[in-house]
Amino acid sequence: MTPLTPTFIATDIDVLAETTGRVAVLVTPDGKLDTGARRVNRLTKGALQRFIASEKFEKLSEGKAVSMAYPTGMAADAVDVVKLGRNPGIEKARKAGAEIAKLGAAQAVTVLAGNLKHVADLAFGCATRSYTFTDHKTDVPDDAVTLTVMSTAPDAAS
């Protein structure tokens with residue numbers, strides 16, 4: 001199997017309502033939302049903010065993720081909320097990427113990374129968690145999983 005190759009693009013909040021697959025939103029441990037997360041919150045009629053105010057988000061450790069299935073106002077199958085600071089270490093960024101890939105197995109994933117410092121490491125975590133060795137398997141799915149990372153600095157991340 002060809003390893004997953006992420007696509008880095010500039011953040012475009014206008015396409016979020018029509019984005020299919022899964023959308024991963026990064027939220028800081030203190031509950032601050034960046035531009036992309038605020039748009040997701042608006043599209044879901046405040047569901048993201050209600051989750052952030054919940055005890056479940058409070059107990060969630062940094063780098064972990066929780067899914068909100070079938071979000072109202074969006075074409076996505078789920079919104080994955082990842083608790084991660086804006087300046088995580090490389091290990092935490094890769095761990096968060098692996099969490100995103102675990103939740104979005106075999107689906108297109110769009111990550112709203114905003115101004116995250118280690119965007120490339122987050123994408124690396126997604127790619128390594130998504131890798132499967134299929135050379136000697138007979139039942140291999142034809143669908144290629146895609147990873148799109150929206151960032152404020154896509155050229156630097158790629």
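Visitor: What covers the buried residues of H5?

Guide: The cover includes strand E1 (7–10), strand E2 (22–27), H4, strand E5 (109–114), strand E6 (147–151) and helix H6 (154–157). Elements here are DSSP runs numbered from the N terminus, helices (H or I) having at least four residues and strands (E) at least two. This is a predicted model, in which local features need pLDDT of at least 70 and side-chain atom pairs count only at pLDDT 80 or more, while totals for chains, interfaces and linings use all residues. Residues are numbered from 1 along each chain as its sequence is written, and side-chain values use heavy atoms, with hydrogens and water left out.

Visitor: OK, and which are the buried residues of H5?

Guide: They are Val-119, Asp-121, Leu-122, Ala-123, Gly-125, Cys-126 and Ala-127, where buried means under 20% relative accessible area, exposed means over 50%, and partly exposed lies in between, with a 1.4 Å probe and protein chains only.

Visitor: How far apart are the end C-alpha atoms of H5?

Guide: They are 17 Å apart, which agrees with the 16 Å that its twelve residues should span at 1.5 Å a residue; the expected span is 1.5 Å times one less than the number of residues.

Visitor: Switching to H4, what should its 14 residues span?

Guide: They should span 20 Å, and the end C-alpha atoms of H4 are 20 Å apart, which agrees. Its buried residues are Ala-93, Ala-96, Gly-97, Glu-99, Ile-100 and Ala-101, and these pack against E2, E3, E4, E5 and H5.

Visitor: At what angle do H4 and H5 pack?

Guide: Helix H4 (residues 90–103) and helix H5 (residues 119–130) pack at about 45°, with their axes 6 Å apart, the axes being lines fitted to C-alpha atoms, for helices over the stretch in contact, and the angles running from 0 to 180 degrees between N-to-C directions. The two helices are therefore oblique to each other, given that under 35 degrees counts as roughly parallel, over 145 as roughly antiparallel, 65 to 115 as roughly perpendicular and the rest as oblique.

Visitor: Is the crossing of H4 and H5 left-handed or right-handed?

Guide: The crossing is right-handed, a label used if the near helix is turned clockwise from the far one by less than a right angle, anticlockwise being left-handed. On the H4 side the contact (heavy atoms within 4.5 Å) is made by residues including Ile-90, Arg-94 and Lys-102, and on the H5 side by residues including Phe-124, Cys-126 and Arg-129.

Visitor: What does that contact have by class?

Guide: The contact of H4 with H5 has nine nonpolar, three polar and four charged residues; Ala, Val, Leu, Ile, Met, Phe, Trp, Tyr, Cys and Pro count as nonpolar, Asp, Glu, Lys and Arg as charged, and the others, Gly among them, as polar.

Visitor: New topic: is Asp-80 buried or exposed?

Guide: Asp-80 is buried, with a relative accessible area of 0%, and it lies in strand E4 (residues 78–83). Leaving aside residues up to four places away in sequence, Asp-80 touches Arg-22, Val-23, Ala-24, Val-25, Val-66, Ser-67 and Leu-103.

Visitor: And where is Phe-8?

Guide: Phe-8 sits in strand E1 and counts as buried at 17% relative accessibility. Beyond residues up to four places away, Phe-8 touches Val-119, Ala-123, Val-149, Pro-154, Ala-157 and Ser-158.

Visitor: What about the backbone, what is phi of Lys-45?

Guide: Phi of Lys-45 is near 55°, a positive value in a residue other than glycine. Most residues other than glycine have a negative phi. Lys-45 is in the loop between helix H1 (35–43) and helix H2 (47–52), and it counts as exposed at 62% relative accessibility. Tyr-70 also has a positive phi, near 45°; this residue is in the loop between strand E3 (65–69) and E4, and it is exposed, with a relative accessible area of 65%.

Visitor: Last one, how many helices and strands does the protein chain have?

Guide: The chain has six helices and six strands, following the pattern β-β-α-α-α-β-β-α-β-α-β-α along the sequence. Of its 158 residues, 46% count as buried, and among contacts with a separation of 6 or more, 74% are between residues 24 or more positions apart.
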